[in-house]
Amino acid sequence: MSVISKDIQKAIALLSADKLVAIPTETVYGLAGNIYSKTAIKRIFETKKRPFFNPLIVHIPSVDALSDIVSYVPKKARLLAEAFWPGSMTLVLKKQVTIPDIITAGKETVAVRVPKHPVTLELLKQLPFPLAAPSANPFGSISPTKPEHVERYFKDAIGQVLDGGACINGIESTIIGFENDEPIIYRLGALPIEDIEAVVGKVAIKNKKEINPDAPGMLERHYAPSTKTFLTDNISQELKKHLGKRIGILVFKSVIKDSNITSQIILSEKGDMQEAASHLYNAMHDLDHQNLDVIIAERFPNFGLGKSINDRLERATFN
């Protein structure tokens with residue numbers, strides 16, 4: 001029996017009973033639980049097999065709810081929140097003492113955002129508590145952008161996948177922390193750097209940290225198919241290394257004609273970065289379930305959302 005349902009009241013009942021519900025956002029589906037329920041939060045970590053040193057993101061219904069979660073908001077954080085919330089940006093800020101340490105991996109900061117999805121915003125407005133919601137996938141695996149992806153992962157482990165359709169942005173939120181009140185990008189994501197810098201000026205990037213990470217998504221290997229995957233600037237050259245194998249390829253906009261290719265997915269025939277990002281994880285899921293020996297992914301132009309797509313592909317591959 002499917003656990004996919006559009007019933008918000010069912011989701012409210014499950015979440016209020018310390019159960020987990022997968023929720024839609026504009027980025028990816030999240031595995032959600034009440035941030036004040038130790039039972040629910042432990043279930044998130046255990047269900048995902050996520051290490052407890054990796055902090056979670058708190059989801060709130062509006063900027064007005066930020067003061068319940070954080071104790072200090074730098075001026076540039078306020079500017080970013082006003083510019084991009086609801087939206088695909090997470091801020092890492094000094095937490096209120098009421099935020100449980102299990103959410104923040106014992107840190108004095110908490111990651112928080114206002115998602116831009118009508119279903120989840122309505123859910124958050126009706127709930128008396130915020131939700132912690134990391135991506136609804138086993139730790140390290142491809143993030144889910146459709147209800148079916150979540151159901152395939154967790155059908156027997158959660159009560160509901162709240163159906164909000166396919167995620168329109170398709171990669172995780174951009175995470176921004178603050179050091180000496182200056183913004184620093186901890187995770188590249190669906191909000192391009194150029195848009196951020198248009199609001200607050202030049203920002204630094206510090207997006208890889210294996211030990212005691214400052215935010216989710218900083219680990220070296222992440223977002224990975226079970227099929228061995230390679231990232232390359234030259235598909236034809238990489239193909240020659242894998243002759244005789246069942247090969248799937250993932251390309252930006254141009255068809256590759258080669259008899260050695262078993263399966264090929266083009267992310268955006270018109271060369272649109274936003275469209276490519278929205279299709280990325282679904283394409284990776286599709287290729288990962290075709291019994292291939294290897295997947296070869298094409299590196300993107302390294303600007304705008306191309307930077308974020310390359311970041312995901314680099315963490316998913318063996319290069």
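What follows is a dialogue on how terms are applied to this predicted model.

Trainee: What are the ground rules for the numbers here?

Mentor: Residues are numbered from 1 along each chain as its sequence is written, and side-chain values use heavy atoms, with hydrogens and water left out. In this predicted model, local features need pLDDT of at least 70 and side-chain atom pairs count only at pLDDT 80 or more, while totals for chains, interfaces and linings use all residues.

Trainee: What makes Asn180 exposed?

Mentor: Exposed means over 50% relative accessible area, buried under 20%, and partly exposed in between, with a 1.4 Å probe and protein chains only. Asn180 has 79%, so it is exposed. Asn291, at 63%, counts as exposed too.

Trainee: How do you know that the bond joining Trp85 and Pro86 is cis?

Mentor: Omega of that peptide bond is about -5 degrees. Most peptide bonds are trans. Pro86 lies in the loop between α3 and β5.

Trainee: Why are β1 and β11 called edge strands?

Mentor: Two strands pair if DSSP finds at least two bridges between them. The open sheet has 11 strands, in the order β1-β8-β2-β3-β7-β4-β6-β5-β9-β10-β11, with mixed pairing. β1 (4-5) and β11 (204-205) each pair on one side only.

Trainee: What about β12 and β15?

Mentor: Those two pair in the parallel sense over 5 bridges, and Thr229 has Ile295 of β15 as its bridge partner.

Trainee: Why is β12 described as largely enclosed?

Mentor: Strand β12 (residues 228-232) has 5 residues and 4 of them are buried, so the rest of the structure largely encloses it.

Trainee: What makes a set of residues a nonpolar core?

Mentor: The members must be buried Ala, Val, Leu, Ile, Met, Phe, Trp, Tyr or Cys residues joined through side-chain atoms within 4.5 Å. The largest such core has 48 residues, of which Ile69, Leu80, Leu91 and Ile103 touch the most other members. Elements that each supply at least two of its residues include α2 (38-48), β6 (109-113) and α6 (147-154). Apart from it lies another core, of 27 residues, among them Leu231 and Phe252.

Trainee: Why are the buried residues of α1 said to be on the same side?

Mentor: In helix α1 (residues 8-16), the buried residues are Ile8, Ala11, Ile12, Leu14 and Leu15. They cover an arc of only 165 degrees around the axis, so they are on the same side of α1. The arc is that of the directions from the helix axis to the C-beta atoms.

Trainee: What do the buried residues of α1 pack against?

Mentor: Their partners are β2, β3, α5 (118-126), β7 (131-132) and β8 (160-162), where contact means heavy atoms within 4.5 Å.
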